[in-house]
Amino acid sequence: MAVTLSRKLFRSFYGSLNAFGRFDSPIATFRSFHACHDLFGHLHGDSMFSSGSSGLLKGRSSILANRWLSTSMNPESGEGAFPSDLLSKTPVVSAERTIGLCQDLVIPVTNFHSEDKGFMVLAGDVFDVPIRKDIVHRVVRWQLAKRQQGTHSTKTISEVSGTGRKPWRQKGTGRARHGTLRGPQFRGGAIMHGPKPRSHAFKLNKKVRRLGLKIALTARAAEGKLLVFEDLEVPTHKTKNMVNYVMQMENTKKLLLVNGGPIDEKLKLATQNLHYVNVLPSIGLNVYSILLHDTLVMSRDAVNKIVERMHTPINR
């Protein structure tokens, strides 16, 4: 819950700051709060002040732009910048986060060399949706049925090889009546009601398919198994370098790399001999592939394209 101030209280606070002359030096306490905010990526509330503040100092950008606002004691003068009895007792930053509230996430960006590349905001309506196993199950069944070849075939009585002559006369032999030896009751005969080439695909609404992908991305983000890289460029095509990169990642058995555009040739050569590392373009990202791999690595470009794809209206 963010700190809420009335307009009158904000004006008195603004005057006290002018009196103290604390406009130039940010304090260490707020720096630590800002670091925690970047780490967890969530503030419970959309704005730092109430609507009565005429739109001043709203949201995250205003917090960063006004880092001189402080609730702690001035280390130089020993005076508090804000009365402690007026502060809210509710903690501003919480380490635990409820999944499925569609809140934007802040995730650090790195690369294969574990270098700090800043932070990236993940859209809450894509990476923080309610988890529904039934939707994921329906999407996986749809994917597996759609990719099934359906080329299995058996021969009918008109296709099987054999003579068309009646094997024996109709009456007088004591045996059963037959008109052909190509029937299903004879060895080498036809197969009745056997499989023929067909498509096993069935229809699934686009909204359900899109929701399934959002849920899969949300699950990986909630587990801490979603990594965002600045890019997926590798210096060389050597497989041993990719093996070292994967070994540096904790608790990673199968890795899925998702690039925004076409796969780089060096990355393709470096991963083609590793059965536990697969590479996909963002247009090919799907629920089944995400579930097959315990760690998902996406480039900045891939995240932006996935969000754009999820926000595109569905054509009917």
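Biologist: How many helices and strands does the secondary structure of the chain come to?

Modeller: This is a predicted model, and what is said here describes that model. Of the 316 residues in the chain, 37% are buried. The secondary structure of the chain comes to ten helices and six strands.

Biologist: Among contacts between residues at least 6 apart in sequence, what percentage join residues at least 24 apart?

Modeller: Contact here means that heavy atoms lie within 4.5 Å of each other. Among the contacts in the chain that join residues at least 6 apart in sequence, the share that join residues at least 24 apart is 71%.

Biologist: How many aromatic pairs does a search of the whole structure find, and which residues form the aromatic cluster?

Modeller: The search of the whole structure finds two aromatic pairs. In one of them, the rings of Phe112 and Phe229 have their centres 5.0 Å apart, and the rings of Phe112 and Tyr245 also pair. One aromatic cluster is therefore formed by three residues that these pairs connect, namely Phe112, Phe229 and Tyr245.

Biologist: Is the pair of phenylalanine 112 and phenylalanine 229 stacked or edge-to-face?

Modeller: The centres of the two rings, those of phenylalanine 112 and phenylalanine 229, are 5.0 Å apart, and their planes stand at 85°. Planes over 60 degrees apart count as edge-to-face. Because 85° is the angle in this case, the pair of phenylalanine 112 and phenylalanine 229 is edge-to-face.

Biologist: How many residues apart in sequence are the parts that this pair of phenylalanine 112 and phenylalanine 229 ties together?

Modeller: Phenylalanine 112 lies in the loop between strand E1 (105–110) and strand E2 (119–122), whereas phenylalanine 229 lies in strand E3 (residues 226–229). Phenylalanine 112 is buried at a relative accessible area of 5%, and phenylalanine 229 is buried at 3%.

Biologist: Is the pair of phenylalanine 112 and tyrosine 245 stacked or edge-to-face, and in which helix does tyrosine 245 lie?

Modeller: The ring centres of phenylalanine 112 and tyrosine 245 are 5.0 Å apart and their planes are at 20°, so the pair is stacked. This pair links distant parts of the chain, 133 residues apart, with phenylalanine 112 in the loop between E1 and E2. Tyrosine 245 counts as buried at 10% relative accessibility, and the helix in which tyrosine 245 lies is H7 (residues 239–248).

Biologist: Which residue lies over the face of tryptophan 168, and at what distance from the ring centre?

Modeller: A charge sits over a ring only if, among other conditions, it is within 6 Å of the ring centre. For tryptophan 168, the residue lying over the face is arginine 175, and its distance from the ring centre is 3.9 Å.

Biologist: How far apart in space are proline 130 and isoleucine 215?

Modeller: Proline 130 lies in the loop between helix H4 (124–127) and H5, while Ile215 is one of the residues in H6 that meet residues of H5, among them Trp142. Leaving aside neighbours within four places in sequence, proline 130 is in contact with Gly100 and Ile215. Although proline 130 and isoleucine 215 are 85 residues apart in sequence, their C-alpha to C-alpha distance is 7.0 Å.

Biologist: Is leucine 285 buried or exposed?

Modeller: Leucine 285 lies in the loop between strand E5 (277–281) and H9. Leaving aside neighbours within four places in sequence, leucine 285 is in contact with residues including Leu213, Leu256, Leu280 and Ile306. Because its relative accessibility is 2%, leucine 285 counts as buried.

Conventions
Residues numbered from 1 in each chain as written. Predicted model: local features only at pLDDT ≥ 70, side-chain atom pairs only at ≥ 80, totals over all residues. Heavy atoms only, no water. Phe/Tyr/Trp six-rings, centres within 6.5 Å; stacked < 30°, edge-to-face > 60°. Helix = DSSP H or I, 4+ residues; strand = E, 2+ residues; numbered from the N terminus. Buried < 20%, exposed > 50% of the residue type's maximum accessible area, 1.4 Å probe, protein only. Lys NZ or Arg CZ within 6 Å of the ring centre and 35° of its normal.
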